[in-house]
Amino acid sequence: MATRVLDQHRAHAAAHGETSGLWSWITTVDHKRIGILYGSTAFFFFLLGGVEALLLRIQLGTPDNTFLSPERYNQLFTMHGTTMIFLAIMPLSAMFFNYMIPLLIGARDVAFPRLNAFSYWVFLLGGLFLNAGWFFGAAPDQGWFGYANLTSRQFSPGPNVDFWMFGLQILGIASLAAAVNFFVTIINLRAPGMTLMRMPMFVWMSFITQVLLLLAFPVITVALILLMFDRFFGTHFFVPSGGGDPILWQHLFWIFGHPEVYILILPAFGIISEVLPVFSRKPLFGYAAMVFSGVFIAFLGFGVWSHHMFSTAMGPIADTFFALSTMLIAVPTGVKIFNWIGTMWGGSLQFRTPMYFAVAFIAMFIIGGLSGVMHSSPPADLQQTDTYFVVAHFHYVLFGGSIFGLTAGAYYWWPKMFGRMLDERLGKIHFWLMLIGFNVTFFPMHWLGLNGMPRRVYTYPAGLGFELLNQLETVGSFLLALGFLVLLINMFQAWRRPRNAPADPWNGATLEWSIPSPPQEFNFPETPEVHGRDALWEMKRTRGPLPEPARVSGAGIHLPNPSYWPAVAALGVAAVFVGVMLLGHIGPWGIVAGVALLFFGVYRWAFEPAG
Amino acid sequence: MALRTAARRPLCLVTALCLLSLVLAGCSPEHYPQTTLLPRGDFARIADDLLDTTVRWALLVFVLVEGVLVYAIFRFRGKPGDPEPHQSHGNTTVEIVWTVIPALILAAIAVPTVRAIFQTNSFPKQGALTIQVVGHQWWWEFRYPEYSLTTANEIHVPVGRTVALRMGSNDVIHSFWVPQFAAKRDVFANRETRLWFKAEVEGEYPGQCAEFCGIQHGRMGYRIRAQKPAEFDAWVAHMQTLKPKGAPTASADSGVHTASQGATVQQPTSPQASQGNQYAAGEKLFTAKGCVACHALYAVNVPKGMIGPNLANVGARSYIAAGTLKNTDENLAHWIRDPQGIKKGVLMPNLGVSEPDSKTLAAFLRAHK
C-alpha cells in the first residue's frame with residue numbers, strides 16, 4: 001500500500017518535471033534523461049580515451065622513447081581503441097538514439113522505458129568493468145581485436161584479457177537490449193502519418209544501425225563465450241596445440257567487427273543528413289537513394305569481413321570475392337557523399353557551428369573512403385595492412401567521420417537538450433583547432449605507413465626515418481586536445497547561463513523543434529500529425545510561422561513510473577561476471593550470488609505496477 | 001568585412017596544408033629504409049603498381065569531389081534576407097550518373113587487382129630457393145633446407161633467384177614483412193603460409209614483425225641481406241662449416257673456406273694464442289651459465305624447436321636481440337647481463353652474469369662470425 005502511494009507521488013512529480021537529485025537519475029525511465037546519462041558517461045570515456053591517445057602520442061613523439069613501458073603502451077593502445085569504439089562513439093550515438101528518436105518520430109518515450117534504463121546501467125557497469133583492470137595493474141593489453149592465440153592462458157596468463165572479454169560481453173548485453181528497444185520503438189511508435197519513407201534520415205540510419213547491432217553482436221557474444229571456455233575451462237577452440245584454430249577467431253571477430261564499423265558511422269550519416277538540409281534551407285537531396293544506399297551498405301557490410309584478413313593467405317578465390325565486395329561498398333557510400341553535396345548545391349548555406357562540422361565531415365570522410373578503396377586491393381593491402389596507413393584510414397573514417405558527425409549533432413541538438421545555446425565563437429575556435437589538429441595528427445600517418453612504420457609498436461628505432469612526422473603528429477594531437485578543451489569551456493559557460501534557447505533556433509525541419517527547449521517530460525502535449533517529409537517545415541509552410549510553444553501542465557498524461565529495479569538487474573549482470581573472474585578464489589558462489597541478484601531484480605521489475 | 005574574415009579562415013587551412021605538403025616533400029621515400037614505395041623485387045612491384053593505379057584514381061576523385069564541395073561552400077553561402085532557395089528533392093538522371101561513374105572507376109581498379117591476386121598467389125614450383133621462416137616471440141628463425149642451415153634474425157638471399165618462403169610460427173601469430181622485395185604474410189602455429197619474391201637490388205635492409213604478438217612486438221625486427229649470387233654462395237659455404245662441436249671435418253672445412261675467401265674472418269676453432277684463454281673461458285661460461293640450453297652455436301642440421309635464436313654467426317650480424325641493439329662488444333655484454341632491462345618480457349632471463357663474465361661471453365660470441 002505504502003509503495004503505491006509512493007509510486008503515485010513519484011508519477012505526479014515526474015509529470016510536472018519536478019524530479020531532481022541523484023535518486024531521480026538512478027530511477028529515471030525518461031528517454032531524455034537516459035539520453036543525457038548516456039551522453040555524459042560516453043563523453044567522460046571519450047575524454048579518457050583521448051588522454052590515453054595523448055600518452056601514446058607522447059611515447060611515439062621521439063624514437064626509442066622510454067616514457068611508457070612496453071606493457072603500459074600495449075595496455076593504453078588496447079584501451080584507447082576499445083574505449084573509443086565501445087565506450088565513446090557507440091554510446092554517444094546511443095545518446096542521440098535515446099534523446100532524439102522519440103522526439104523525431106513524435107512519440108512520448110521509447111517502447112520499453114525500463115529496458116532502456118537497464119541498457120544504460122549495464123553499459124555503465126560494463127565500462128567500469130572494462131576499466132577496472134587499471135586498478136589491479138592488469139588493464140587489457142592484447143589489442144581491441146584480441147587475436148587468438150595470443151589471448152590464450154599460455155600467452156596471456158594474467159586477468160588482463162578477462163577484464164576485456166567480460167567487459168565486452170557486458171557491453172554487448174547493453175547494446176542488444178537497446179537495439180531491441182529502438183527497433184520496436186521506430187516500428188511501432190511513429191506519429192500518425194509518419195510512414196517509413198517520411199521518417200527523418202537520422203531515424204532511418206538509426207533503424208539500420210539497430211538491425212546491424214541485432215545481427216552482429218550475437219557473433220561476438222559467441223566468440224567471447226568460446227574464448228571464455230578456452231581460458232577458464234580448458235577447451236581449445238582457438239588453441240592450435242590443442243587442435244583449435246586461431247583463424248576461427250578472426251572470422252568470428254570480423255563478422256562482428258566489420259558491421260561494427262557501420263554501427264559506428266551510420267548514426268553520423270544520419271546526423272549529417274539532418275544538419276545539412278536545415279543549414280542549406282533545402283530538403284535532403286535524393287531521400288530514397290539515401291535510404292536505400294544505407295540499407296545496401298548495411299547488407300554489404302556482412303559480406304566484406306575478410307578484407308581485414310588478406311594477409312592470412314586465404315587463397316585467390318576468397319581474396320577476389322572480398323576485394324570486389326569491398327570495392328562495391330564504395331558505390332553506395334559515394335552516392336551518399338554526392339547527395340550531401342547535392343543538398344548544399346543551390347541552397348542558402350547558413351554557416352553556424354553545426355554546419356561547419358557537417359561540411360568538414362564530408363571533406364574528411366571522402367579521404368577516409370578513398371584510402372579504404374586503396375586497401376581493398378589485396379596485393380596492395382599486403383603492404384599496407386598493420387601499418388600506420390591503416391591507422392590513418394580508420395581515423396579519417398571514425399574521427400573525421402563519426403566524431404565530426406557526432407560533434408555536429410551535439411552543437412545542433414544542444415539547445416534542444418539543455419535549453420541553452422552554445423557560443424558560436426567558441427564553437428568555431430573548437431572547429432578550427434579540431435580540423436587542423438586532426439589533419440596534422442593523422443594525415444602524416446598515411447605517409448609513415450606506406451614508408452614502413454608498423455602499427456602497435458611501443459617504439460621505433462632512430463634511423464628508419466619515422467622521427468620527424470611522428471613528432472609533428474604528437475604536436476597535432478595536442479592541438480586536437482586543445483579543441484576539446486574549448487568545447488568543455490563552451491559547455492561549462494552554457495551550463496552557467498540561464499536557459500536562453502528558443503524552441504526552434506535553426507528553423508528546423510523536424511518535430512523536435514516544435515516543442516519547448518528542453519522538452520517537457522511527456523515531449524508532446526498532443527500527438528502530432530505528420531503530412532509529409534520534413535514534418536515541421538511542412539507545418540510552417542501550411543500554417544505560417546509557428547508561435548513559441550508554451551509549457552503546459554501535462555496533467556492526465558500517462559507516463560511510466562520511475563524504477564530502480566532495472567539498475568538492480570544490471571548490477572546482477574555485472575556481478576555474474578565478477579563471479580566468473582573470482583571462480584578460482586571463491587568457487588562458484590560469486591556467480592550464484594550474481595544470478596540471484598539478477599533474477600531478484602528482474603522478478604521485482606516484472607511485477608512492479610507500471611503506474 | 002564579414003566576407004573578408006570568412007575568406008581568411010579557409011586561407012589558414014590552405015596555409016596549414018601547404019606547410020604540411022612541404023614537410024611531406026622533405027620526406028621522400030629514400031629516407032625510409034623500410035619503405036614500400038621503392039620496390040626492389042617483383043612481388044613488391046606488383047603491389048606498388050596497383051597502389052599507383054588506385055592512387056591516380058583516388059587523387060582524381062579527391063580533387064574533383066573536394067573541389068565541388070569547396071566551390072559549393074563559397075558559391076552558395078547564404079546572406080541574411082536571401083529568399084528560400086529552390087526546394088529540390090533530387091534528380092534521377094544526376095543520381096544515376098553519379099552511381100554509374102564510381103562503379104566504372106572501381107571496375108578499372110578491380111581488373112588489375114584480380115590479375116595481381118592470382119599472380120601473387122601462384123607459388124613458384126621449380127628453381128626457387130626455399131627458406132623456412134619461423135616466427136618466435138620475439139625473434140625470427142630462418143632455415144635453408146637445401147643447405148641444412150639455420151640462422152636467426154638475419155636472412156640472406158641471393159639477388160636474381162626467386163625465393164620461396166614457407167612460413168610458420170612457434171607460438172602466436174606474427175606477420176613476416178619484407179617491404180622492399182615482397183609484402184607481408186601472417187604466420188601461424190598450425191598452418192603453413194607462403195610468400196615469394198625475387199630480389200633485384202643488393203643491400204641490407206630492415207624489416208619487422210607486423211602483427212601484434214605480445215609485449216615485445218615493437219622489438220621483433222630482422223635484417224635482410226640481398227647478395228650477389230657468388231657472395232651468397234660464399235656465405236652458404238662458410239655457414240656450412242659451422243658444424244656442431246666434434247663433428248668430423250669441421251676444422252678442415254673452415255680452413256678451405258678461409259683460403260677461398262681470402263678474408264680475415266676470425267676462426268673460432270683456431271683463435272690467436274693471446275685470445276685463446278679468453279675464448280676458452282667464454283666457451284666454458286656459455287655452458288656454465290646455461291646459454292647452451294636455448295642457443296645453438298652451429299648452423300648445420302640444427303634441430304627444430306630451439307628456444308633461443310641460433311648464434312652460429314652472431315658476430316657477423318649487424319644487430320642483436322632482433323633489431324634492438326647494434327651489435328657491439330659493449331651492447332652484447334650489456335644484453336647478456338640484463339636482457340629484461342633492455343627488452344622487458346623477453347624469454348631470456350637475467351642469469352646473474354657478472355660484468356667481467358658478460359664481457360668474456362660477448363667476446364666469445366662475437367668471435368662467431
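Predicted model: local features only at pLDDT ≥ 70, side-chain atom pairs only at ≥ 80, totals over all residues.
Student: To start, how many helices and strands does chain B have?
Tutor: Chain B has nine helices and 12 strands, and buried residues account for 39% of its 369 residues. Taking the contacts in chain B between residues at least 6 apart in sequence, 65% join residues at least 24 apart.

Student: Which residues of helix H4 in chain B are buried?
Tutor: In H4 of chain B, which spans residues 229-239, the buried ones are Phe232(B), Trp235(B), His238(B) and Met239(B). Looking down the axis of H4(B), these buried residues fall within an arc of 125°, so they line one face of the helix.

Student: And what is exposed on the other side of H4(B)?
Tutor: Pro229(B) and Ala230(B) are exposed there.

Student: Switching topic, how many residues does each chain put into the contact?
Tutor: Chain B contributes 85 residues and chain A contributes 77 residues. On the side of chain B that touches chain A, there are 47 nonpolar, 25 polar and 13 charged residues.

Student: Now the largest nonpolar core: which residues touch the most other members?
Tutor: Of the 288 residues in that core, they are Val122(A), Ile170(A), Ile272(A), Val275(A), Phe361(A), Ala408(A) and Phe197(B). Helix H4 of chain A, residues 70-104, gives the most to this core, with 21 residues.

Student: What is Ile170(A) in contact with, leaving aside neighbours within four places in sequence?
Tutor: With those neighbours left aside, the contacts of Ile170(A) are Val122(A), Leu125(A), Gly126(A), Phe129(A), Val573(A), Ala574(A) and Phe577(A).

Terms used:
Residues numbered from 1 in each chain as written. Chains lettered and ligands numbered in written order. Buried ≥ 20, exposed ≤ 12 C-beta atoms within 10 Å, placed from the backbone. Helix = DSSP H or I, 4+ residues; strand = E, 2+ residues; numbered from the N terminus. Arc of directions from axis to C-beta. Contact = placed C-beta atoms within 7 Å. Core = buried A, V, L, I, M, F, W, Y, C linked by C-beta atoms within 7 Å. Nonpolar A, V, L, I, M, F, W, Y, C, P; charged D, E, K, R; others polar.
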